[in-house]
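Please read the points below alongside the display.

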Amino acid sequence: MSDRLSDVQFWNGLEEVPRGLGPTAVTIGNFDGVHLGHQEVLTRLVAAAHGHADAGAQAVAITFDPHPLQVHRPDESPVMLTGSAEKIQRLAETGIDALLVLHYNLDLAGLTAEEFVKTYFVDTLNASVVVIGHDVRFGRGNSGNFETMVELGHRYGFTVLGVDDFALSGRSVAETERRCSSTWVREALDAGDVAAAAEVLGRPHAVLGEVVHGAARGRDLGFPTANLGSDSEGMIPADGVYAGWLVDAAGTRWPAAISVGSNPTFHGVERVVESHVIDRPTEAVEDFDLYGQHVRVEFIEHLRGMVAYEGVEKLVEQMYQDVEQTRQVLARLPVE
């Protein structure tokens, strides 16, 4: 994952935006997961800004924290695909010049569509171009839509560029019967289909967190694991065993057999993400210690569901098979 954060201006609220900014090209969205549909909008945003008649135009994305549903209907709010840090990093990688994060609360939600656009797009960002999907909704009660934005553009002097629904590469929305969306990614992860989730995201789905001490059962069985703490960020896929990667704090990518679940063989209760790094160099075996590190666990392919085995011997036999299958899956991937 490239590091563009140092190249992006980050404004945490209206008061941090420099005075006299502009002109800008602006887009708005929750951007949960920053999937291929989001990336298309952001790519168009950057092109609109950098192709502007005024060479000084900046591409600015506006997003919210927390997600609006967490404020309005917390019981119905979906699990976020990524944590805030991951989302910001992914947004930065699209080439935007600046990111404005607005703290979402009832005061912000109470602004009419015109009040919102005038306050943020016009008075604060001096927008010349607004790039949005045709399904955009904004303002009090989601009363504003694409047509509203076009009308406000005429009123306040900015152009509106609409971006069509984005389908998977090589297929139309009609062929897939749906557009790329955060909902699609969640459904795939709920089903354990991490390969489908990766198609929509344009990259493997990942969970990030600190490696903590567990029950050490894996080590006792000859399969030591790096266990993520309960405060990890990113939606955890369905219970099961996966082939994937563990990326350590130094950025080294280790092939890993990943277990998600509650260890039914040992009558566990708490769901845990455990990664067994395979094929470590001989010199790294003894000194391999990930405790306390913040790592990234990337899910490549679902291998099997979670099963309660009758006896440790059968479990160990299956774990050897999982490791071999993981090795085969990762060997098929193109070399980065």
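The numbered points that follow treat selected strands, helices and side chains in turn.

1. Basis of the note. The model is predicted, so to speak only of local features with pLDDT of at least 70 and of side-chain atom pairs at pLDDT 80 or more, while totals for chains, interfaces and linings use all residues. Residues are numbered from 1 along each chain as its sequence is written, and side-chain values use heavy atoms, with hydrogens and water left out.

2. Strand β5. Helices (H or I, at least four residues) and strands (E, at least two) are DSSP runs, numbered from the N terminus. Strand β5 covers residues 127-133, and seven of its seven residues are buried; buried means under 20% relative accessible area, exposed over 50%, and partly exposed in between (1.4 Å probe, protein chains only).

3. Partners of β5. Two strands pair if DSSP finds at least two bridges between them. Strand β2 (residues 24-28) pairs with β5 in the parallel sense over three bridges, and Ala 25 stands opposite Val 129 of β5. Strand β6 (residues 159-163) is also parallel to β5, with five bridges; there, Ile 132 has Gly 162 of β6 as its bridge partner.

4. The crossover. β5, helix α6 (residues 146-156) and β6 form a right-handed β-α-β unit.

5. Helix α6. The buried residues of α6 include Phe 146, Thr 148, Met 149, Leu 152 and Gly 153. Viewed down the axis of α6, its buried residues fall within an arc of 150 degrees, so they line one face of the helix; the arc is that of the directions from the helix axis to the C-beta atoms. Among the elements covering these buried residues are α5 (113-124), β5 and β6.

6. Ends of α6. At the start of α6, a side-chain oxygen of Asn 145 comes to within 3.2 Å of the backbone nitrogen of Glu 147. Just after α6, Gly 157 adopts a positive phi of about 90 degrees.

7. Ser 182. Is Ser 182 buried or exposed? Ser 182 counts as buried because its relative accessibility is 12%. Ser 182 is found in helix α8 (residues 182-190), and its side chain reaches the backbone oxygen of Asp 32 at 2.7 Å. Leaving aside neighbours within four places in sequence, Ser 182 is in contact (heavy atoms within 4.5 Å) with Asp 32, His 35, His 38 and Leu 81.

8. Aromatic pairs. A search of the whole structure finds five aromatic pairs. Rings of Phe, Tyr and Trp (its six-membered ring) pair if their centres lie within 6.5 Å; planes under 30 degrees apart count as stacked, over 60 as edge-to-face and the rest as tilted. Phe 223 and Tyr 320 form an edge-to-face pair, 5.0 Å centre to centre with 75 degrees between the planes. Phe 223 lies in the loop between α10 (217-220) and β8 (226-228), and Tyr 320 in helix α12 (residues 312-331), 97 residues apart. Phe 223 is buried at 5% relative accessibility, whereas Tyr 320 is exposed at 56%.

9. A second pair. Tyr 242 and Phe 299 are also edge-to-face, at 5.3 Å centre to centre and 85 degrees between the planes. Tyr 242 is in strand β9 (residues 240-247) and Phe 299 in strand β12 (residues 294-304), so the pair ties together parts 57 residues apart in sequence. Both Tyr 242 and Phe 299 are buried.

How values were computed:
A polar contact is a pair of N or O atoms within 3.5 Å; within protein, one must be able to donate a hydrogen and the other to accept it, and residues adjacent in sequence count only if both atoms are side-chain atoms. A crossover is right-handed if, with the strands pointing away from the viewer, the path from the first strand over the helix to the second runs clockwise.
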